[in-house]
Amino acid sequence: MHGYANPARFLRLARLFTAPLLISGLALAGLALAWGLFGAPPEKLQGDSVRILFVHVPTAWLGMGAWSAIAVASLTELVWRHPLAGIAARAIALPGAVFAALCLITGSLWGRPAWGTWWVWDGRLTSMLVLLFLYLAYIALADAANRDGDGGSRIPAIFGLVGAVNIPIIHYSVLWWNSLHQPPSITMGKSEMAPEFLFGLLAATIGFSLIFGGVVLARMRTILADSQAEARLRRRAMEANDE
């Protein structure tokens, strides 16, 4: 793990993988969404409105998965003091927030024809909204720590770990409480989804995940570049003061 702590080594790998991840992700997600729009048949109960699942479900999974990744990076920063862990968590937060917001938006669009309302305060929707607020709070904390010159602050890392409590709440909310939201259609080793929807959904999820990975690597590269530029400016200012 510490073999990639050297920024130069990490940047070489990040430059190598960023473009392939983005290109392959966009291609696969595009094909999956095209299938969802034009290839998949209407569902017998929900009709054409079911097509939104090809965006809604992957964004929901990635919204939760991104915070899980923040929690892992936060634990790595707190326990092993890995120099890139905090940068990784900061890079993950913004795309994670975007996916969480897309999940809520597409869920509302899907809920209107399915439930007759844009929003209900049930366990799944409310806990997902809380996740979006957690992302926004984490971004604010991380930015404040960076502005104060304390990029390795423990406060965002602790917040990242504590916020992970919400992930199992989101996952099990449809089982714990009475909810309009349907229970999971895909569980470990079993699926209740028809193949024409299942395979397209899996392709969309992989495609969105590849895009997410490429965006995170690109953001890590940007954060590292900004840090290096700021360090050079600070060093030159100190040299000028010494003269």
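1. Leu 141 touches Ile 155, Pro 156 and Phe 159, leaving out residues up to four places away in sequence; contact means heavy atoms within 4.5 Å. Leu 141 is found in helix 4. Leu 141 is partly exposed, with a relative accessible area of 29%. The classes are: buried under 20% relative accessible area, exposed over 50%, partly exposed in between (1.4 Å probe, protein chains only).

2. A word on provenance. This is a predicted model, in which local features need pLDDT of at least 70, side-chain atom pairs count only at pLDDT 80 or more, and totals for chains, interfaces and linings use all residues. Residues are numbered from 1 along each chain as its sequence is written, and side-chain values use heavy atoms, with hydrogens and water left out.

3. Overall layout. The secondary structure comes to seven helices and two strands. Along the sequence the pattern is α-α-α-α-α-α-β-β-α. Helices (H or I, at least four residues) and strands (E, at least two) are DSSP runs, numbered from the N terminus. Of the 243 residues in the protein, 40% are buried. Among contacts with a separation of 6 or more, 77% join residues 24 or more positions apart.

4. Helix 4 against helix 6. Helix 4 covers residues 123–147, and its axis packs 8 Å from that of helix 6 at an angle of about 160°. Axes here are lines fitted to C-alpha atoms, for helices over the stretch in contact, and angles run from 0 to 180 degrees between N-to-C directions. The two helices are therefore roughly antiparallel. The angle classes are under 35 degrees for roughly parallel, over 145 for roughly antiparallel, 65 to 115 for roughly perpendicular, and oblique for the rest. The crossing of helix 4 and helix 6 is left-handed, that is, the near helix is turned anticlockwise from the far one by less than a right angle, whereas clockwise would be right-handed. On the helix 4 side, the residues in contact are Gly 123, Arg 124, Ser 127, Met 128, Val 130, Leu 131 and Leu 134. They meet Asn 166, Ile 167, Ile 169, Ile 170, His 171, Ser 173 and Val 174 of helix 6.

5. Helix 2 against helix 6. The axes of helix 2 and helix 6 (residues 166–176) come within 10 Å and cross at roughly 155°. That makes helix 2 roughly antiparallel to helix 6. Helix 2 passes helix 6 in a left-handed crossing. Met 64, Trp 67 and Ser 68 of helix 2 make the contact with Ile 167, Ile 170 and His 171 of helix 6.

6. Two further positions in helix 2. Helix 2 spans residues 53–80 and holds Val 72. Val 72 is exposed, at a relative accessible area of 55%. Gly 65 is partly exposed, at 33% relative accessible area. Its C-alpha is separated by 9.7 Å from that of Ser 209, 144 residues apart along the chain.

7. Arg 81 lies between helix 2 and helix 3. Its phi is positive, near 55°, in a residue other than glycine. Most residues other than glycine have a negative phi. Arg 81 is exposed, with a relative accessible area of 53%.

8. Helix 3 runs over residues 85–115, which is 31 residues. It reaches 42 Å from its first C-alpha to its last, close to the 45 Å expected at 1.5 Å a residue. The expected span is 1.5 Å times one less than the number of residues. Where does helix 3 bend, and by how much? The bend is about 25° at Ala 93, and Pro 95 follows within four residues. The bend at a residue is the angle between axes fitted to the seven residues ending there and the seven starting there.

9. Gly 116 follows helix 3, with a positive phi near 85°. Leaving aside neighbours within four places in sequence, Ser 108 is in contact with Trp 118 and Trp 119.
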